Amino acid sequence: MNRLLSSSLLCLTVLALTTASGLAAPEGETSPPKVEPRVVDPGPPPADAIVLFDGKDLSQWKSDRKGGPVKWDIQDGVAIVNRTGGISTKQEFGDCQLHIEWAAPAEVKGTGQGRGNSGIFLQSRYELQVLDSYNNKTYFDGQAGAIYKQYAPLVNVSRKPGEWQVYDVIYHAPRFDETGNLLKPARFTVLQNGVLVQDNVEVKGPTSSPVPKYKPHPLKQSLALQDHNTPVRYRNIWIREL
Ligand code: MG
């Protein structure tokens, strides 16, 4: 066999093996497009984002109390948590890129988990913690940037109370088979204020004490924001489906 023919056969074999084993694109993960990538005006917000709060109203959200209209205060383009309960998006999402800005109260009250507490629940289940973690000691996996009670942030990049902070999240929803067995856990990558705080971590299950345990759910679910009795503020919320 000449060298050209044998190297061609090798290429074909590798191609066949790669195709057969599905190495190209594991299910549930984004993969590089094999066609010309779409043109997207980067914004902000990016042209293909769904804007969930632009400072005007929370009409794309519902209250977690009886599902009625949201009663959070809106002032100067900012939504303020006010003890009227958590809120959830009317639209449901699976794999996504989420941008959300938040600020803990400028006036410092309380300590630990009592200070500027809220939370961002992907699929209404898996919590990315919101907390005033500026000179505020608490358990490591309960501070800002934590996947609550599962993963502490890699670093504490919290700004001072009252200052705006940014989360940019890449989230992959868990996959279940037809009988409800977990095929793939959920995954979070999170940047806080532009700094990596969660690096593609595998979620252990819903945020619940003491032991998180997956229960099957549809691929798309609401995004939820927690009312934890402190007047945390939110602005500029947008999401891109992946
Ligand atoms: Mg919380």
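What follows is a short talk through confidence, fold, core, metal site, salt bridges and backbone.

Visitor: What should I know about the model before I start?
Guide: This is a predicted model, where local features need pLDDT of at least 70, side-chain atom pairs count only at pLDDT 80 or more, and totals for chains, interfaces and linings use all residues. Residues are numbered from 1 along each chain as its sequence is written, and side-chain values use heavy atoms, with hydrogens and water left out.

Visitor: What does the protein average in pLDDT, and where does pLDDT stay under 50?
Guide: pLDDT is the predictor's confidence in each residue, from 0 to 100. Where it is low, the predicted coordinates should not be read in detail. Here the average is 91, and 88% of the residues score at least 70. Residues 9–23 stay under 50, and the model has 2 contacts for them beyond four places in sequence; a contact means heavy atoms within 4.5 Å.

Visitor: How many helices and strands does the protein have?
Guide: Helices (H or I, at least four residues) and strands (E, at least two) are DSSP runs, numbered from the N terminus. The protein has 1 helix and 15 strands. Among contacts between residues at least 6 apart in sequence, 64% join residues at least 24 apart.

Visitor: Which residues have the most contacts inside the largest nonpolar core?
Guide: In soluble globular proteins, nonpolar side chains tend to be buried together. Buried means under 20% relative accessible area, exposed over 50%, and partly exposed in between (1.4 Å probe, protein chains only). A nonpolar core is a set of buried Ala, Val, Leu, Ile, Met, Phe, Trp, Tyr and Cys residues joined through side-chain atoms within 4.5 Å. The largest one here has 40 residues, with Ile120, Tyr167, Phe188 and Tyr234 having the most contacts inside it. Strand S6 (residues 96–103) gives the most to this core, with 4 residues. Leaving out residues up to four places away in sequence, Ile120 touches residues including Leu98, Tyr167 and Tyr234.

Visitor: Which residues coordinate the magnesium ion?
Guide: Donors are N, O and S atoms within 2.8 Å of the metal (3.2 Å for Na, K and Ca); water is not among the atoms, so sites may look incomplete. In this model the donors are Asn117 (OD1), Ser118 (O), Glu127 (OE), Gln129 (OE1) and Gln226 (OE1), at 2.3 to 2.4 Å. Their spacing in sequence is N-S-x8-E-x1-Q-x96-Q. Ser118 is buried at a relative accessible area of 0%, and Glu127 is buried at 4%.

Visitor: How many salt bridges are there in the whole structure?
Guide: Side chains of opposite charge can pair when their charged atoms come close. A salt bridge is a side-chain nitrogen of Lys or Arg within 4 Å of a carboxyl oxygen of Asp or Glu. The search finds 8. One of them joins Asp48 and Arg240 (2.7 Å, N to O). That pair links distant parts of the chain, with Asp48 in the loop between H1 and S1 and Arg240 in strand S15 (residues 233–241), 192 residues apart. Another joins Asp132 and Arg115, whose closest N and O atoms are 2.8 Å apart; both residues are buried.

Visitor: Where are the cis peptide bonds around Pro44?
Guide: One joins Gly43 and Pro44, with omega about 10°. Another joins Pro44 and Pro45, with omega about -10°. Pro44 sits in the loop between helix H1 (3–21) and strand S1 (50–53).
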